[in-house]
Amino acid sequence: MSEPSDSNLPPEPSPASQKAPWEYVTEPFKKLWKIGKVSDRIGDWFNVSDSEVAEILERVRAELPTTEALLIGKPQAGKSSIVRGLTGVAAEIVGQGFKPHTQNTQRYAYPSGDLPLLIFTDTVGLGDINQDTDELVAELVENLQEESRGARVLILTVKINDFATDTLRTIAANLRKKYPDLPCLLVVTCLHEVYPANTENHPPYPPDFAEYQRSIEAITEDFEKLYNRLVAIDFTLEEDGYSPVFYGLENFRDTLMELLPEAEARTIYQLLEGQAGQELSNLYRDVGRRYILAFSIMAATIAAVPLPFATMPVLTALQVSMVGLLGKLYGQTITPSQAGGIVSAIAGGFLAQVVGRELIKFIPALGSAIAASWAFAYTGALGEATCVYFGDLMGGKKPDPKRIQSVMKQAFKNSQTQIDNGP
């Protein structure tokens with residue numbers, strides 16, 4: 001939405017100007033949230049600048065303990081499975097999430113590029129006869145020379161029955177020589193491929209099969225002095241029929257944590273326990289609430305105008321704009337029509353009440369106060385539910401309508417309680 005010109009805005013009231021009746025109605029909301037004087041120029045609220053959002057995200061980003069994992073291994077060696085194991089994101093979403101970074105690498109940031117907890121840099125085409133190993137090493141070195149706030153770890157992936165690893169060893173040796181302090185984790189994958197015939201499921205960890213032991217010993221000898229720790233895993237898909245799907249995940253987590261600084265190691269642990277994702281979701285919501293509050297006060301100001309139904313189109317446009325802005329905060333660019341669809345999907349159960357609250361304006365004075373109170377609580381609750389919706393998308397999950405509507409109902413109830421109790 002374009003920024004309105006000053007000529008289209010109402011004049012600033014002078015100190016001596018008498019307030020309109022509905023301005024007295026909305027005064028408690030301003031005091032309740034202790035935000036001082038809210039501008040009468042409503043158009044200004046619709047245009048939160050990109051630079052302002054970027055500034056907030058930059059401050060938050062500086063406090064995040066981000067880990068960058070450089071994944072090096074042949075195709076089908078389990079690199080994407082490691083991403084799934086650490087993030088809990090579905091296989092198809094992980095596949096869609098990797099984006100070209102350089103000619104020979106792709107990058108995937110979880111849960112988003114704006115505020116990542118984990119950044120995965122994946123080598124592509126390794127083992128291809130046409131692959132230029134020197135060029136790939138040069139790209140990886142260039143990546144490592146870039147300034148990074150967080151920790152870095154090199155993860156080499158090798159299938160347990162693949163002994164054609166000359167290229168991988170060459171790359172590891174070059175990086176080891178140039179960056180001797182870069183921690184390196186050697187991950188042996190696809191363990192079930194050396195299980196004895198007729199073995200239908202994973203044995204207790206670690207496997208105690210002769211072929212497994214021989215393979216591990218051979219890989220250990222091949223990569224001698226090229227890694228800090230070794231761990232064996234078998235991360236499969238549900239349809240593969242093995243249980244657990246992420247076999248060896250706890251050992252992988254603990255071994256990885258040994259190689260990372262304390263803050264990053266704690267984040268990995270919390271991520272796998274489901275805590276970090278929730279904390280990051282809360283962090284996004286804290287940022288979003290700055291804007292939700294502004295839109296809620298605007299909604300109360302508009303709804304207090306004692307003209308039944310006349311303000312509904314403006315309130316709808318206001319709420320659609322809020323959803324669009326919150327989507328942008330979560331890295332989702334949506335059109336106004338898409339934002340309107342999200343509003344309808346999230347707030348379907350409240351729409352009948354919207355009409356009812358407009359009818360109550362026929363009651364002089366009291367009707368406007370109730371309508372303003374309801375619009376404030378409704379818009380704030382819609383914002384909270386929208387954050388949950390976009391948070392699910394950001395985390396690679398399918399939004400759960402029941403959970404989102406439950407969040408909206410609770411947020412609406414909490415907001416009304418705060419209004420009733422006063423500052």
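Predicted model: local features only at pLDDT ≥ 70, side-chain atom pairs only at ≥ 80, totals over all residues.
Visitor: Why is Q76 called exposed?
Guide: The cut-off for exposed is over 50% relative accessible area. Q76 has 68%, so the label exposed applies. Q76 sits in the loop between β1 (67-73) and α4 (79-87).

Visitor: What makes C190 buried?
Guide: Buried means under 20% relative accessible area. C190 has 14%, so C190 counts as buried. The residue lies in the loop between β6 and α8.

Visitor: How do you know that the bond from Y205 to P206 is cis?
Guide: Its omega is near -5°. P206 is in the loop between β6 (184-189) and α8 (210-222). A cis peptide bond also joins S243 and P244, with omega about 0°. P244 lies in the loop between β8 (234-235) and β9 (246-247). Most peptide bonds are trans.

Visitor: Which residues have the most contacts inside the largest nonpolar core?
Guide: They are Y330, I346, Y378, L382 and M408, in a core of 40 residues. Helix α15 (366-394) is among those that each supply at least two residues. α15 gives the most, with eleven.

Visitor: What does I346 touch?
Guide: Beyond four places in sequence, I346 touches L382, A385, T386, Y389, I404, Q405 and M408.

Methods: Residues numbered from 1 in each chain as written. Heavy atoms only, no water. Core = buried A, V, L, I, M, F, W, Y, C linked by side-chain atoms within 4.5 Å. Buried < 20%, exposed > 50% of the residue type's maximum accessible area, 1.4 Å probe, protein only. Helix = DSSP H or I, 4+ residues; strand = E, 2+ residues; numbered from the N terminus. Contact = heavy atoms within 4.5 Å.
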